[in-house]
Amino acid sequence: MPETLYKLQPNRTMHLRGFDHFGAAAAMHSAHAGGFQLSGVFRDAADFAVLMLYDADNFFEHPRLKYLPDFNFDGLTLQFDVRYEGLMPLDSRKYPTIDWPFLDIIPETGDPVKIRLSEHAVLIGDPDPVASGEFVFTGDELDAWDRVTLWYQNLAFDYIVPGKVRTVHEFYAADVGTQHSILVADRSYVYVEQAGDGSADVANHLIALVNGTEGPGPADPDVSAASGEQGWQVVLERKLDHGGTVTVSGTGGVYELLHHVKKSTVLNALRDQINTADYEEAATPFSLAAEVTEQGALRISTVEGGYDADFLTLYATWKNDRLRTTKKAVALEGGFSEATHRVTLDFASLGVPRIRKMWLTFAPRLSGGAPYESTEWLAEFTRWQTTGPEEVRRLKVASTGSVRVSSISDACNWQGDWRDIDGFYMDNAARLAETPGTSVTIRYTCLSPHELWLGTALGRTSGAADAELDGTPLPYHMGYLAEDVDVVTRRRLCGLVEPGEHVVKLTRTAGRFVFDFLEAAVPGDVPDPLPPEPRVSPALDYSTDHSYKLPPARILWNLDQLGYTGPMNEYLGVFWWNERVRDGGSAPWRELEFTGGFVGGDAVWLQIDEQVLGKTVFPGETAEGIANHFMYMINSTLVGLRAEADENKLKLISRSAAPAYGGYQISSWVDRTGGSSGWVEGSGSVSAGDMGVWVLDAGTEHALNIAARQWHFDLFSQAAQRGRRLTAAISMELVNPPQEFAARYPDGAPVVTDVGFAGLRSTHCAFRSDVLAYQVKALVEVALLMTEAGLQPDLQCGEFTWWYFTNRSETNAAGGMAYYDSETAQAALAALGRPLHVFTGPDDDPAVNGGADALLVRNRLRDHVTSLMAGVRAAAPGTTFEVLFPYDVNYPVPKGMHQLGGRLNRFVNLPEEWAYPGGGLDRLKLEMLNFGAWSRDLDLVKECLLLPSQLGWPGEKTALMTPIFKGGYPWAREVEAALERGFHCINLWAFDHICLYGLSLGRLGRRASYQG
């Protein structure tokens, strides 16, 4: 049955656009119609990942499956539930350094649009808990004018004891009958002196009267009395804590006010200040609430929850030790962010009824005042649904009956100055016109009503063309698109065209006009899957867009639809899957120093770009306290810088060495009051730093990072559900491995080659114990993931060979072949009693020194593979293994257009033990990419295909990797020859080329005019 595609369909039309920095990793996986997950790891504060929800100009899929560009979202509503772990929450109040709070939309026309997700989200589960902390106070002996202040940013919650809480009165004995009194408010306590009373006796009787232990009355409700330091002294002290006053006096004394202030009064007053502060006016990151605990502490909490509530630190200052807190600073704790939100997006109501692209951005959570640490993260999307009219939701493809005419077709008649170009075009070929009047006329026949679509490239320098259908002008084609890199895509030239033969003429009128193909498209659903080909399947390379950027469900659906049901080969690649760690690098920083004597009333200011931060100075505050103030403030507020304080010095450190985190301008000043000499030194610029190098981390628990593990488990599960055999491969090449891993030439230089992506270079590794240990760890992980997914563990040693080329040249006489790593050198000394012979080129005679040197090299390869298989099978019994043998670079004599191969290469890279039954190997897979794709020598390819049988391998245990990456190469003839020789499996290198070049799906590789 034909299948209908829909916009915003996770397992069919969505993909990961990528992630920033080589240390990061991300993957979209576990995709189905109702949801998906993203997993990854961020290792730098500037990392981010981008998920494409929709791209009208779909980069992926074979033309048979690629939906026609469709911009209509009028009437559609997207709703989903989402939960983040380890990411900036979509409702965080932090400044968005990148677009993590937004849905980014590029309309069909007009300016980009940002939709803040939190404004269209409701909380449905696991609300973010608040952060809190407690201040414990000492204050049992507080007295007049004692002061304590709690600081939150530049908000001061301040309390000063307003006056006396105790007073001392002195009483002296006089004559019998003398009245001695204490007056509290309107209450008198009178003692009549008796015979024999001394001054202490008078004082003690008055104390007893006030306290209610003598006389008829109760204890005074406001005041308690106690003996002073001298016997004739009475200490009167407030009894309550409500903050009011009471008058007291003694015989013949003056009236005084005692203030009902205790430690609890201070706590209650600070609590009330905190609970009534205007946090919006103060522009603090969180509002606060406070309560006095049963234990008599002041507990302060954020009103809102969130992980970044833990970034807040409150600190205390005090006048003296009578009234103070036990800790100078309290960092709030307990904040967390893993809430589930339901997001609803009505595109018409949002003002974007027509959309070309839209995406979500994921960013690492800030780390407060600490350096960012490598963090694994998850974004989980559930209840994903798009509602609206069926015809708007639905995507259409050029379905059965469609006709496509490419630039290499004889149906094209060219006029004027056309230039051939290659790239991601049909058949890897297109033509470019840049001069006026250049035209192409295409004659085609389509037997169904159809639309006309032009395959072309759009971009900032793309031009325009006039179009005619059977002599009638069509709408003007404009190729401009606000993209820095050209987008290879389709644009509709006209709507319904009647069946029959037609002529289309395209004439370049401006700019760069690219003709890729003309398509008579019969819009419809995806056609029925092609008949299965059980011995052929495209290879997947996790390093390429068509693998790691797609959810495995989309990849396997592609293969199902295209009829590729043969055993799969998936190559982990040379970079994205590894755990990595930064080597070297440094974040930029600038140090400020607070000097001189600050006095109460000073105001200290820092300006960081446009952000101004301040500190009001209270009496007694020190330069060290001011430095700490700004540290707490910066770490709870800013997203680009963090701070560290050391005594009176403050270091401002960029959170990342990425260029976007450099160039901050720091200025400072002090508004002084009388007697102040306070100052701040060190203003200036924080320039960009050095990111360092992200090197493979061989010492971690896992060899595969979290993104690679989750993606591969999903891939293996998808294959298991279909009963597909899948062989997972690693090679001897890695990007930025530990230096000791490298294979080395005689001059000590490592073997490195350009990857062709982001300036990365790949290192060919040596057959050494540390490399072996890492490979065993990696392949054990892969085998166990396969087992867990219900798949038979099946692994490949991909091109496990010594490096093929010499670095010897006229200018480097010390060069040679790459057999001279330290372990191989030690093994040669031990086995031969001398250094290994210096082999200078791939065609050197392996029989030198009786063949002992070449044999030692070959046996190290053999033993490495044998030990690798044993190590993996010890952890994952039943794992099957194959070796991918590149026969072009190991041909016995130099052959092909690049004269690859040679006697030495053939000897050291093909151990005798790999002849059937293979010394523990279960299969042999052959490739000769250069002889086929580059040299195009089918006779030589067919000769190479004899090697497995010459080694005794039966066809059912023999496979082939066939190149399809060179436009025009008749790869299907190589496939046909291998099938005729009985090879049980052919893997086409690689899946992305089949899609991007629109390669034919027929066994013989003939281009099909009809796509259905």
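These are my notebook entries on what I looked up in this structure.

**Ground rules.** I'm working from a predicted model, where local features need pLDDT of at least 70 and side-chain atom pairs count only at pLDDT 80 or more, while totals for chains, interfaces and linings use all residues. Residues are numbered from 1 along each chain as its sequence is written, and side-chain values use heavy atoms, with hydrogens and water left out.

**Entry 1: two helices crossing.** I started with helix H7 (residues 552-562) and helix H9 (residues 706-722), whose axes come within 9 Å and cross at roughly 35°. For me, helices (H or I, at least four residues) and strands (E, at least two) are DSSP runs, numbered from the N terminus. The axes are lines fitted to C-alpha atoms, for helices over the stretch in contact, with angles from 0 to 180 degrees between N-to-C directions.

Which residues of H7 meet H9? From H7 I listed Pro 552, Ala 553, Ile 555, Leu 556, Trp 557 and Asp 560, and they meet Trp 711, Asp 714, Leu 715, Gln 718 and Arg 722 in H9. Contact here is heavy atoms within 4.5 Å. By class I get 7 nonpolar, 1 polar and 3 charged residues for H7 with H9. The classes: Ala, Val, Leu, Ile, Met, Phe, Trp, Tyr, Cys and Pro are nonpolar, Asp, Glu, Lys and Arg are charged, and the others, Gly among them, are polar.

Entry 2: How many cavities of 30 Å³ or more does the structure hold? I found 4 of them. A cavity is a set of points, on a 1 Å grid over the protein atoms alone, where a 1.4 Å probe fits but cannot get out, and lining residues have an atom within 4 Å of a point. Grid points are joined across faces, edges and corners, and the volume is the space filled by probe spheres set on the points.

The largest cavity has about 210 Å³ of space. Its lining has 21 residues, with Lys 66, Arg 404, Val 488, Asp 516 and Phe 517 nearest the centre. Strand S40 (487-497) and helix H18 (991-996) are the elements that give two or more residues to that lining, and S40 gives the most, with 3 residues. I sorted the lining of the largest cavity into 13 nonpolar, 3 polar and 5 charged residues.

The second largest cavity has about 80 Å³. Among its lining residues I wrote down Tyr 84, Asp 128, His 341 and Arg 365. Strand S6 (residues 77-85) gives the largest share of this lining, 3 residues.

Entry 3: Most residues other than glycine have a negative phi, and most peptide bonds are trans. I went looking for exceptions. The bond from Tyr 916 to Pro 917 is cis, with omega near 15°, and Pro 917 sits in the loop between helix H13 (903-909) and strand S64 (923-927). The bond from Trp 989 to Ala 990 is also cis, with omega near 5°; Ala 990 is in the loop between strand S66 (985-989) and H18.

Asn 428 has a positive phi, near 60°, and lies in the loop between strand S33 (418-421) and strand S34 (430-433). Is Asn 428 buried or exposed? I put Asn 428 down as buried because its relative accessibility is 14%. My cut-offs are under 20% relative accessible area for buried, over 50% for exposed and partly exposed in between (1.4 Å probe, protein chains only). Asp 470 has a positive phi too, near 50°, and counts as partly exposed at 43%.

**Entry 4: a covered helix.** Helix H17 (residues 971-980) is mostly covered, with 7 of its 10 residues buried. I noted Trp 971, Glu 974 and Leu 979 among the buried ones. The cover includes strand S45 (536-538), helix H14 (929-934) and S66. Just after H17, Gly 982 takes a positive phi of about 95°.

Terms used: 1 Å grid on protein atoms, 1.4 Å probe; cavity = no way out; pocket = protein on both sides within 12 Å on 5 of 7 lines; lining within 4 Å.
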